[in-house]
Amino acid sequence: MESSALQLKRMIYASLMAALTAAGAYIAIPIGPVPIVLQNLFVMLAGLLLGGRWGLISIGVYLLAGAVGLPVFAGGTGGIGKFVGPTGGYLFGFGAAAYVVGIIAEKGRGRVVVDVLAMLAGTVAIYAFGVPWLKVVTGMSLSKAAAVGMLPFLIGDALKIAAAIPIARSLRPIIDGATDPVRVAG
C-alpha cells in the first residue's frame, strides 16, 4: 500500500502530464482530417515517466477534461463530440499508448532500447485505434485512411521518440526520487 504522500506526488505528476498533453494540443499543424500535434510526445512521456497505471490515469484526466468541453484537444477544441469525430480513435489510442509505454518501460528499468521499443509499441497502439476509427467515420478505404491518418506522421513520430529519450532521462531521477516508477539504468 502506498503512503498518502507518495500517492499525492503521483497525482501531482499525473496532473502535470495531463496539462502538458493539453499544451501539446495547441501546437497543431492542420494537414487534413488529422493534424500534426505534440500531444503524442507527452502521451509517451506520461508512460515513460509515470509507468503504466499512472500514465493511463494522466491521459484519462486529459481525456475527461476534453470530454467535458475544456479546450484541450488539437487546435484548442473540446467536447464529447470529438470522440465520435475523425480523430476520436486517436484520442482513445492515447490512453492505450500511455499504458503500453508505461508497462514496457517499467520492465526495462530505464534502458534506452526498451524505452524506444515501448514508444514504438505506443505509437502502434495510437494508430491501431486511430486509423480504423478514421476509416469508419469518414468512409475511406483502410489504405486511404492509413495514407492520410498515419503515413504523414511517421517521421514526426520518430522525431518525437528521439526527443522523448533525453527528456525522460533528465526527468526520471527527479521523479524517481519521489515516486520510483522506473529506475534509470547506467
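**Helices and a few residues**

Mentor: Start with the record. The unreviewed UniProt entry annotates "transmembrane region" at residues 12-29, 59-81, 87-105 and 112-134. UniProt positions follow the numbering used here, feature names are shortened, and annotations may be inferred rather than shown by experiment.
Trainee: What should I know about the model itself?
Mentor: It is predicted: local features need pLDDT of at least 70, side-chain atom pairs count only at pLDDT 80 or more, and totals for chains, interfaces and linings use all residues. Residues are numbered from 1 along each chain as its sequence is written, and side-chain values use heavy atoms, with hydrogens and water left out.
Trainee: How much of residues 112-134 is helix?
Mentor: That span is 100% helix and 0% strand, and its end C-alpha atoms lie 32 Å apart. Helices are DSSP runs of H or I, at least four residues; strands are E runs of at least two; both are numbered from the N terminus.
Trainee: And residues 59-81?
Mentor: There the span is 39% helix and 0% strand, with the end C-alpha atoms 18 Å apart.
Trainee: Now packing. At what angle do α1 and α2 pack?
Mentor: About 140 degrees, with the axes 9 Å apart; α2 covers residues 39-67. That makes α1 oblique to α2. Axes are lines fitted to C-alpha atoms, for helices over the stretch in contact, and angles run from 0 to 180 degrees between N-to-C directions. Under 35 degrees counts as roughly parallel, over 145 as roughly antiparallel, 65 to 115 as roughly perpendicular, and the rest as oblique.
Trainee: What kinds of residues make the contact of α1 with α2?
Mentor: They divide into 17 nonpolar, five polar and two charged. Nonpolar is Ala, Val, Leu, Ile, Met, Phe, Trp, Tyr, Cys and Pro; charged is Asp, Glu, Lys and Arg; the others, Gly among them, are polar.
Trainee: Which residues does T21 touch?
Mentor: Q39, F42, V43, I59 and Y62, leaving out residues up to four places away in sequence. Contact means heavy atoms within 4.5 Å.
Trainee: How do α2 and α4 cross?
Mentor: At roughly 130 degrees, and their axes come within 10 Å. They are therefore oblique to each other. N40, M44 and L48 in α2 meet D115, M119, G122, T123 and I126 in α4. Those residues divide into four nonpolar, three polar and one charged.
Trainee: What does K160 touch?
Mentor: V37, L38, N40 and L41, again not counting residues up to four places away in sequence. K160 is in helix α6 (residues 154-178). Its relative accessibility is 14%, so K160 counts as buried. The C-alpha atoms of K160 and N40 are separated by 7.7 Å, though they are 120 residues apart along the chain.
Trainee: What's the phi of R109?
Mentor: Near 50 degrees, a positive value in a residue other than glycine. Most residues other than glycine have a negative phi. R109 is in the loop between α3 (88-108) and α4 (112-138).
Trainee: Buried or exposed, R109?
Mentor: Exposed, because its relative accessibility is 54%.

Key
Buried means under 20% relative accessible area, exposed over 50%, partly exposed in between (1.4 Å probe, protein chains only).
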